[in-house]
Amino acid sequence: MIKLIGMMDSPYVRRVAVSLELYGVAFEIQPLSVFSAFEEFSQINPTVKAPTLVLDNGTRLMDSSLILNYFEAQAAPNRRLLPTAPDALAKDLQTLGFILAAAEKAVQNVYEHNLRPSEKQYNPWIERITLQLLAACQEWDSLLGTRSANSVADQVAVTSTVIWTFIQSMIPHVVNAGNFEEIQAVADVFENQGIFKKYPFN
Ligand SMILES: N[C@@H](CCC(=O)N[C@@H](CS)C(=O)NCC(=O)O)C(=O)O
């Protein structure tokens with residue numbers, strides 16, 4: 001059975017779990033923390049990056065987008081989460097790029113505050129990543145505003161929802177939800193759906 005290694009407090013792990021459900025792929029989760037289970041995790045993947053996905057033949061995939069590429073490539077047409085037409089695909093990849101940039105900057109912000117002692121924090125760096133995070137959210141919100149409302153989950157909806165929930169759970173004081181109505185509206189629709197509830201952020 002395919003194994004997904006990582007915990008649902010990682011939006012990248014959650015993104016893969018929800019997507020695998022939507023693809024109809026059977027998998028089991030091994031909920032190892034990249035921090036408290038470092039040793040055990042490193043025996044599966046010495047770089048200790050979540051998500052790590054282990055295929056039945058032992059091949060280890062990592063980086064959520066690479067993992068999803070693998071499954072998107074073999075999804076039946078009615079299960080695909082990305083369009084195939086080049087223009088529509090480019091549009092969705094553009095949106096995903098801004099969402100993932102926001103995710104990266106949000107995770108950097110969380111690590112900066114949670115992993116580094118307060119006397120060692122470097123404010124110019126925090127200011128830089130905050131500017132980048134807010135710029136990414138602005139682009140992300142505008143691009144969502146150009147899509148027609150849809151309650152059928154695709155990759156943009158999945159990624160937008162899990163990253164937004166992560167940001168609003170971890171650093172709501174940095175990213176004011178009231179300024180990003182389109183992103184909030186998408187999250188409100190999808191967090192109420194069964195597949196997202198099956199893999200709650202925690
Ligand atoms: N670009 C990667 C990011 C994955 C990532 O940074 N995961 C975090 C958990 S949220 C992690 O592995 N942190 C431990 C570390 O970087 O040492 C992806 O899309 O999978």
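Modeller: The axes of helix α5 (residues 123–145) and helix α7 (residues 181–190) approach to within 7 Å and cross at roughly 65°. Axes here are lines fitted to C-alpha atoms, for helices over the stretch in contact, with angles from 0 to 180 degrees between N-to-C directions. Helices (H or I, at least four residues) and strands (E, at least two) are DSSP runs numbered from the N terminus. The model is predicted: local features need pLDDT of at least 70 and side-chain atom pairs count only at pLDDT 80 or more, while totals for chains, interfaces and linings use all residues. Residues are numbered from 1 along each chain as its sequence is written.

The helices α5 and α7 are therefore roughly perpendicular to each other (under 35 degrees is roughly parallel, over 145 roughly antiparallel, 65 to 115 roughly perpendicular, and the rest oblique). From α5, the residues C137, W140, D141, L144 and G145 meet E182, I183 and V186 of α7; contact requires C-beta atoms, placed from the backbone, within 7 Å. By class, this contact of α5 with α7 comprises 5 nonpolar, 1 polar and 2 charged residues (Ala, Val, Leu, Ile, Met, Phe, Trp, Tyr, Cys and Pro are nonpolar, Asp, Glu, Lys and Arg charged, and the others, Gly among them, polar).

Helix α7 also packs against helix α6 (residues 155–170), at an angle of about 100° and with the axes 9 Å apart. That makes α6 roughly perpendicular to α7. On the α6 side, A157, S160, T161, W164 and T165 take part, and they meet I183, V186, A187 and F190 in α7. This contact of α6 with α7 has 6 nonpolar and 3 polar residues, and no charged ones.

The surroundings may be taken next. The protein chain divides into domain 1 (2–79) and domain 2 (86–198), with bounds from an automatic or database domain assignment. Taken over C-alpha atoms, the centres of domain 1 and domain 2 are separated by 20 Å. Their contact draws 8 residues from domain 1 and 11 residues from domain 2. On the side of domain 1 that touches domain 2, α1 gives the most, with 7 residues. That side of domain 1 has 4 nonpolar, 1 polar and 3 charged residues.

Helix α1 (residues 11–23) lies across β1 (2–5), β2 and β3, running at about 155° to β1. An open sheet of 4 strands has the order β2-β1-β3-β4 and mixed pairing, where two strands pair if DSSP finds at least two bridges between them. Its edge strands, β2 (27–30) and β4 (60–62), each pair on one side only. Neighbouring strands of this sheet are turned by 25° against each other on average, direction ignored. Strand β3 (residues 52–54) runs antiparallel to β4 and is joined to β4 by 3 bridges, with L53 opposite L61 in β4.

Finally, there is the ligand. Around the ligand are S10, Y12, V34, V48, K49, A50, P51, D63, S64, S65 and V107 (near means a C-beta atom, placed from the backbone, within 6 Å). This shell divides into 6 nonpolar, 3 polar and 2 charged residues. Two of its features concern the backbone. The peptide bond from A50 to P51 is cis, with omega near 5°, and P51 lies in the loop between α2 (38–44) and β3. V48 is placed in the loop between α2 and β3, and V48 has a positive phi of about 50° although it is not a glycine.

Terms used: Two residues are in contact if their C-beta atoms, placed from the backbone, lie within 7 Å.
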